[in-house]
Amino acid sequence: MITTAPSARRSTRTLATVLLALTLTIGTAACSTSATGEPPSYAVATQDDPQFTKNFRHEFADVDGVRMHYVTGGSGSPVVLIHGWPQTWYGWWPIMPALAERHTVYAIDLPGLGDSTGSPTGYDKATLARYVHALIADRLGVRDARVIGHDFGAAVAFQYAAQFPTDTARLGYLDLPLPGPAIDAPTYRSLSWHIAFHSQRRVPEAVVRDDVREYLTLFYPQVSFGGTAFGGTSDRSPFTDAEITEYARTYGKPEALSGGFELYRALDKDVRDTVAAPPVGLPTLLMSAQGQLDAIRATAAPRMTNIVRGVDVPHAGHWLVEENPQFVTAELLRFLDE
C-alpha cells in the first residue's frame with residue numbers, strides 16, 4: 001500500500017476540488033468541447049463564425065421535463081424568436097446579429113426539436129407556448145418580451161401573447177395561416193400536399209426516416225419564391241448545403257422527426273385553442289411571402305385586433321429570412337423600435 005504525507009494529501013484534495021469545479025464549469029458552459037477536443041454537435045454550425053463567437057452563446061435550461069436549448073446574445077429590450085418546421089433556432093441566424101445590435105435576442109429550439117431534448121406534453125401550439133413562457137419569463141425573468149414567430153412558430157407566438165399578455169410587449173407573426181375560426185383543420189390540411197401528408201400517423205416517419213436530408217433538400221424549394229407551392233416551376237433553394245446539413249442533423253433524430261410531424265397532427269387542437277383564446281390586442285406585425293399578405297391577414301385578423309402593419313416580403317416565398325434577410329431585418333427593427 002502506498003501512503004501519502006498529510007501535506008501531500010491536502011494538496012491532492014485541493015487539486016481534486018479545483019478539478020471538480022472546473023469539470024462542473026465546463027459541463028455547463030455554453031460551448032464546451034468534448035474529451036476529444038471536438039465541439040458538441042449543437043455548436044458545430046457556429047464554431048467558425050466570428051459573429052457568433054463574439055456576441056452569442058448556446059444555453060440550456062430544464063423546463064417541465066424538457067431540456068430546452070436556446071441561443072442568446074446582444075443587449076437592449078428582449079426579443080424572442082420562435083422557429084417553425086423544418087427548421088430550428090438556426091433559421092433566424094441570418095438576421096440575429098443585426099437584431100442584437102439593439103436588442104437582447106433569445107432564439108429557441110422548441111421542445112422536442114432542434115437540440116432541445118425530452119418530450120413535451122403536447123405539440124399543440126398552446127402547450128408549446130407555455131413551455132416557451134416557462135423558459136423566457138419564469139426561468140430567465142423576461143416579462144416584456146417581443147415575441148416573433150415564423151411558420152408554426154408564429155402560432156406558438158400568438159398563443160404566447162394570448163395566454164400571457166402582461167408578459168408580452170409586441171407580437172411578430174410571420175407567414176402562417178392561423179388555424180382557427182377562419183380556417184378549420186380539414187381545410188387547413190387541404191392547403192398543401194405536405195400538410196396532409198405530415199398529418200398522417202406513422203406514415204411520414206416510415207417514408208422519410210432513412211432519407212431525411214434528401215427529403216428536406218427536395219422540400220425547401222417547393223415553398224420558396226417561384227416554387228411549385230406558389231404555382232411556379234423554380235427548383236431553386238435559398239438554403240446552402242451547410243444549412244441543410246444542420247437541419248438534417250437535428251431532424252435526423254427519430255424523436256425530432258416525429259416531433260416535427262406532431263406539429264401538423266395537432267391542427268385540430270390548434271383550431272380549438274385559437275377559437276378559445278382571447279383576442280390579442282398587442283401591437284402586431286404581419287409578414288408574408290410575396291403576394292400572400294391578404295390570405296394571411298384574413299386568418300389572423302379575427303384574433304389579432306391591433307395589427308399595426310402588414311407587409312409582403314418582396315421576392316420571398318415561405319423562407320422570408322433566407323430569401324430576403326435585409327428587408328425582414330429592416331421591417332422587424334422598425335416594428336420593434338416603434
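Reader: Which residues of α10 does α9 meet in this predicted model?

Author: The model is predicted. On the α9 side the contact is made by Val-212, Arg-213, Leu-216, Thr-217 and Tyr-220. Their partners in α10 are Asp-241, Ile-244, Thr-245, Tyr-247, Ala-248 and Tyr-251.

Reader: By class, how many residues of the contact of α9 with α10 are nonpolar?

Author: The contact of α9 with α10 includes two polar and two charged residues. The nonpolar residues number seven.

Reader: Are α9 and α10 oblique or roughly parallel to each other?

Author: Helix α9 spans residues 212–222 and helix α10 spans residues 241–251. Their axes come within 9 Å and cross at roughly 130°, and the crossing is right-handed. Angles over 145 degrees would count as roughly antiparallel and 65 to 115 as roughly perpendicular. The two helices are therefore oblique.

Reader: How is α4 oriented to α5, oblique or roughly perpendicular?

Author: The axes of α4 and α5 come within 8 Å and cross at roughly 70°. That angle makes the pair roughly perpendicular.

Reader: What is the handedness of the crossing of α4 and α5, left-handed or right-handed?

Author: The α5 side of this contact consists of Phe-152, Ala-155, Val-156, Gln-159, Tyr-160 and Gln-163. They meet α4 residues including Lys-125, Ala-126, Leu-128 and Ala-129. By class, the contact of α4 with α5 has 10 nonpolar, three polar and two charged residues. The crossing of α4 and α5 is right-handed.

Reader: Which element gives the largest share of the lining of the second largest cavity?

Author: The second largest cavity has a volume of about 30 Å³. Lys-125, Ala-126, Ala-155, Gln-159, Asp-270, Asp-273 and Thr-274 line this cavity. Two or more lining residues come from each of α4, α5 and α12. The largest share, three residues, belongs to α12.

Reader: How many residues lining the second largest cavity are charged?

Author: Two residues of this lining are nonpolar and two are polar. The charged residues number three.

Reader: How much space lies in the largest cavity?

Author: The structure holds two cavities of 30 Å³ or more. The space in the largest cavity is about 80 Å³.

Reader: Which helix gives the largest share of the lining of the largest cavity?

Author: The largest cavity is lined by 13 residues, and the closest to its centre are Gln-87, Gly-91, Trp-92, His-150 and Val-321. The lining divides into five nonpolar, seven polar and one charged. Three lining residues, the largest share, come from residues 320–323, helix α14.

Technical notes
Residues are numbered from 1 along each chain as its sequence is written. This is a predicted model: local features need pLDDT of at least 70, side-chain atom pairs count only at pLDDT 80 or more; totals for chains, interfaces and linings use all residues. Side-chain values use heavy atoms; hydrogens and water are left out. On a 1 Å grid over the protein atoms alone, a cavity is a set of points where a 1.4 Å probe fits but cannot get out, and a pocket is an open set with protein on both sides within 12 Å along at least five of seven lines; lining residues have an atom within 4 Å of a point. Grid points are joined across faces, edges and corners, and a volume is the space filled by probe spheres set on the points. Helices (H or I, at least four residues) and strands (E, at least two) are DSSP runs, numbered from the N terminus. Ala, Val, Leu, Ile, Met, Phe, Trp, Tyr, Cys and Pro count as nonpolar, Asp, Glu, Lys and Arg as charged, and the others, Gly among them, as polar. Axes are lines fitted to C-alpha atoms, for helices over the stretch in contact, and angles run from 0 to 180 degrees between N-to-C directions. Angles under 35 degrees count as roughly parallel, over 145 as roughly antiparallel, 65 to 115 as roughly perpendicular and the rest as oblique. A crossing is left-handed if the near helix is turned anticlockwise from the far one by less than a right angle, and right-handed if clockwise. Contact means heavy atoms within 4.5 Å.
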